[in-house]
Amino acid sequence: MKVGLISQWYPPEGVFIPGNLAQRLAERGHQVRVLTTFPSYPYGRVFPGWRQRWRHRETDGAVEILRVPAYPSHDTSAVRRAMSGLSFGASSAAAGLRWLSGVDVTYVYHPPPTSIAAAALLRVTRRTPVVLHVQDLWPESVMQSGMAPT
């Protein structure tokens, strides 16, 4: 099976589900393509040694990865956090139709909610099924993020 995995957060960031899932699926013989952005979590700035640019492709074993640019922010500013999610939604949607063409299913690791943009386009244009993994429930995550007044 050809699996597309979309996540704004992906190794080397300290998130475990998307990277582990991609590796385990590949070990079981599935073709896995990841659509993500450049590592910036949890600091809100691109990790040293990385430079945002279009068409950055890499492989991790059998997993193919495409990183797209996005505005990095993970602070308490609602505007900057929204810009981060919206920019990933836009850049992943722009690149996703081509990068994920031919996948049998798209797995979306959420948050942020804009992570589903590319998968939604694939669903509409190619009828590709979507699995949405909701990690955080709103409004609890907003309250704990420091972005909402207490």
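# A guided tour of the predicted model

Arginine 127 is exposed, with a relative accessible area of 68%. This is a predicted model, and the tour starts at this residue. Select arginine 127 in the loop between H3 and strand E6 (130-134). Its phi is near 60°, a positive value in a residue other than glycine.

**Helices H2 and H3**

Next, select helix H2 (residues 78-99) together with helix H3 (residues 117-126): their axes come within 7 Å and cross at roughly 40°. The crossing of H2 past H3 is right-handed. On the H2 side, the contact is formed by Gly89, Ser92, Ala93, Gly96 and Leu97, and on the H3 side by Ala117, Ala118, Leu121, Leu122, Thr125 and Arg126. Sorted by class, this contact comprises 6 nonpolar, 4 polar and 1 charged residues.

Stay on H2 and pick out serine 92, which belongs to this helix. Is serine 92 buried or exposed? Serine 92 counts as buried because its relative accessibility is 0%, where the cut-off for buried is under 20%. Residues up to four places away in sequence aside, serine 92 touches Leu35, Val68 and Ala118.

From serine 92, move to valine 68. With residues up to four places away in sequence left out, valine 68 touches Leu35, Thr36, Thr37, Phe38, Gln52, Trp54, Phe88, Ser91, Ser92 and Ala95. Valine 68 is also one of the residues with the most contacts inside the largest nonpolar core, alongside Ile6, Leu35, Leu66 and Leu100; this core has 14 residues. E4, H2 and H3 are the elements that give two or more residues to it. A second, separate core has 13 residues, among them Leu5, Ala22, Val32 and Val105.

**Helix H1**

An α-helix has 3.6 residues a turn, so residues three or four places apart point the same way.

Just after H1, select glycine 29, which has a positive phi of about 95°. Glycine 29 sits in the loop between H1 and E2 and counts as exposed, at 58% relative accessibility. A distance drawn from its C-alpha atom to that of leucine 97, 68 residues away along the chain, gives 23 Å.

Turn to glutamate 58 in strand E3. This residue is partly exposed, with a relative accessible area of 23%. Neighbours within four places in sequence aside, glutamate 58 is in contact with Trp50, Val63, Glu64, Ile65 and Arg67. Valine 34 is 24 residues from glutamate 58 in sequence and 9.8 Å from it, C-alpha to C-alpha.

In the loop between E2 and E3, select arginine 55. Arginine 55 is exposed at 72% relative accessibility, and its phi, near 65°, is a positive value in a residue other than glycine.

**Two cis peptide bonds**

Proline 42 is in the loop between E2 and E3. The peptide bond joining tyrosine 41 and proline 42 is cis, with omega at about 10°. For the last stop, go to proline 12, in the loop between E1 and H1. A cis peptide bond links proline 11 to proline 12, and omega there is about 25°.

Note on methods
Residues are numbered from 1 along each chain as its sequence is written. This is a predicted model: local features need pLDDT of at least 70, side-chain atom pairs count only at pLDDT 80 or more; totals for chains, interfaces and linings use all residues. Side-chain values use heavy atoms; hydrogens and water are left out. Helices (H or I, at least four residues) and strands (E, at least two) are DSSP runs, numbered from the N terminus. Axes are lines fitted to C-alpha atoms, for helices over the stretch in contact, and angles run from 0 to 180 degrees between N-to-C directions. A crossing is left-handed if the near helix is turned anticlockwise from the far one by less than a right angle, and right-handed if clockwise. Contact means heavy atoms within 4.5 Å. Ala, Val, Leu, Ile, Met, Phe, Trp, Tyr, Cys and Pro count as nonpolar, Asp, Glu, Lys and Arg as charged, and the others, Gly among them, as polar. Buried means under 20% relative accessible area, exposed over 50%, partly exposed in between (1.4 Å probe, protein chains only). A nonpolar core is a set of buried Ala, Val, Leu, Ile, Met, Phe, Trp, Tyr and Cys residues joined through side-chain atoms within 4.5 Å.
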